[in-house]
Amino acid sequence: MANDTTKKTIQPAESFRALPVETPDNLTNIRIILFEPREPGNIGSVARVVKGMGLPQLYLVNPVQFQNVDAAWYMAHGAKDVLENAIVVPELKKALEGVQYLVGTTHRRRDMRLPQPVTAREAADTIASISQDKQVALLFGREDFGLSTDQMSLCQLTASVPMATKNPSLNLAQAVQIFAYEVFIASLEDHPLTEIDYAEVNALEEFYGRVTRLLDKVGMSPYNEEWETYLKSLRRVFSRAPLESRDIATLDMIFSTTYRHIVRLEEE
């Protein structure tokens, strides 16, 4: 009797999904940043999350050594390419290069000088809208401490996951999963392009630095010489309306010209 030869056809990945959907284009403009992750397994798990949710940009700021740790690769099952291509940088500023809108995540009540957090779902709708043609980043802190107040003050928006009880809190990978899912779902909807040309986060920080340099030059001294505290208040004032690149240029002309004028007077 002749042997039957059965041909195996390879089905596209979409055919195995219970709910097949098209991956929204804007997801390529969304960056997931982990600040100083301490657990290799969490890094691997996050790689799996972002792969599943169509988020190709994974940045790791000063992470624990994970490249040669089995737990990282085991937890990144199916997403080892994401783990291999994760961008490792020594400081947060490098991870923020090119980012125009930064969303910080938290599970704790924060300093009153910071914006009131919104829910992950509300944040996802904002992220989906802005990321249509701009670079947006979601920032997650260390497993043990989360993000510092200073880091949160860099963000235009802060967000949290509503929970029924105070404890236990979500671990890092779980938090990323919830935010990534909400962003994915929100991105399936149509969003008009925003008309705001957001200034880059790093450009904003450089601008604030020039403002404080001028204030110091004219002899202004914040209470108890706490410049960082004053800087948080300064950020809050300017963040009430989104600052565009042209706004920074306009304000810079005032502050930079004033600073140079003072320097010239000192040299005379």
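Predicted model: local features only at pLDDT ≥ 70, side-chain atom pairs only at ≥ 80, totals over all residues.

Guide: Residues are numbered from 1 along each chain as its sequence is written, and side-chain values use heavy atoms, with hydrogens and water left out.

Visitor: How many helices and strands does the protein chain have?

Guide: Both are DSSP runs, numbered from the N terminus: helices are H or I with at least four residues, strands are E with at least two. The C-alpha trace spans about 105 × 40 × 40 Å along its principal axes. The count is 10 helices and 7 strands.

Visitor: What percentage of the 268 residues in the protein chain is buried?

Guide: Buried means under 20% relative accessible area, exposed over 50%, partly exposed in between, with a 1.4 Å probe and protein chains only. By that cut-off, the buried share of the 268 residues is 43%.

Visitor: Why are H1 and H7 described by their direction as they are?

Guide: Axes are lines fitted to C-alpha atoms, for helices over the stretch in contact, and angles run from 0 to 180 degrees between N-to-C directions. The axes of H1 (residues 40–52) and H7 (residues 172–187) come within 9 Å and cross at roughly 15°. Angles under 35 degrees count as roughly parallel, over 145 as roughly antiparallel, 65 to 115 as roughly perpendicular and the rest as oblique. H1 and H7 are therefore roughly parallel.

Visitor: What is the handedness of the crossing of H8 and H10?

Guide: The axes of H8 (residues 201–217) and H10 (residues 245–267) come within 10 Å and cross at roughly 35°. A crossing is left-handed if the near helix is turned anticlockwise from the far one by less than a right angle, and right-handed if clockwise. H1 passes H7 in a right-handed crossing. For H8 and H10, the crossing is left-handed.

Visitor: Which residues does Leu58 contact, leaving aside neighbours within four places in sequence?

Guide: Leu58 is among the core members that touch the most others. Its partners are Ile32, Leu34, Val46, Ala47, Val82, Ala86 and Ile87.

Visitor: Is Glu36 buried or exposed?

Guide: Glu36 lies in the loop between strand E1 (30–35) and H1. Its phi is near 50°, a positive value in a residue other than glycine. At a relative accessible area of 18%, Glu36 is buried.

Visitor: What is the relative accessible area of Asn62?

Guide: Asn62 sits in the loop between strand E2 (57–61) and helix H2 (70–75). Asn62 has a positive phi of about 45° although it is not a glycine. Asn62 is partly exposed, at 36%.

Terms used. Core = buried A, V, L, I, M, F, W, Y, C linked by side-chain atoms within 4.5 Å. Contact = heavy atoms within 4.5 Å.
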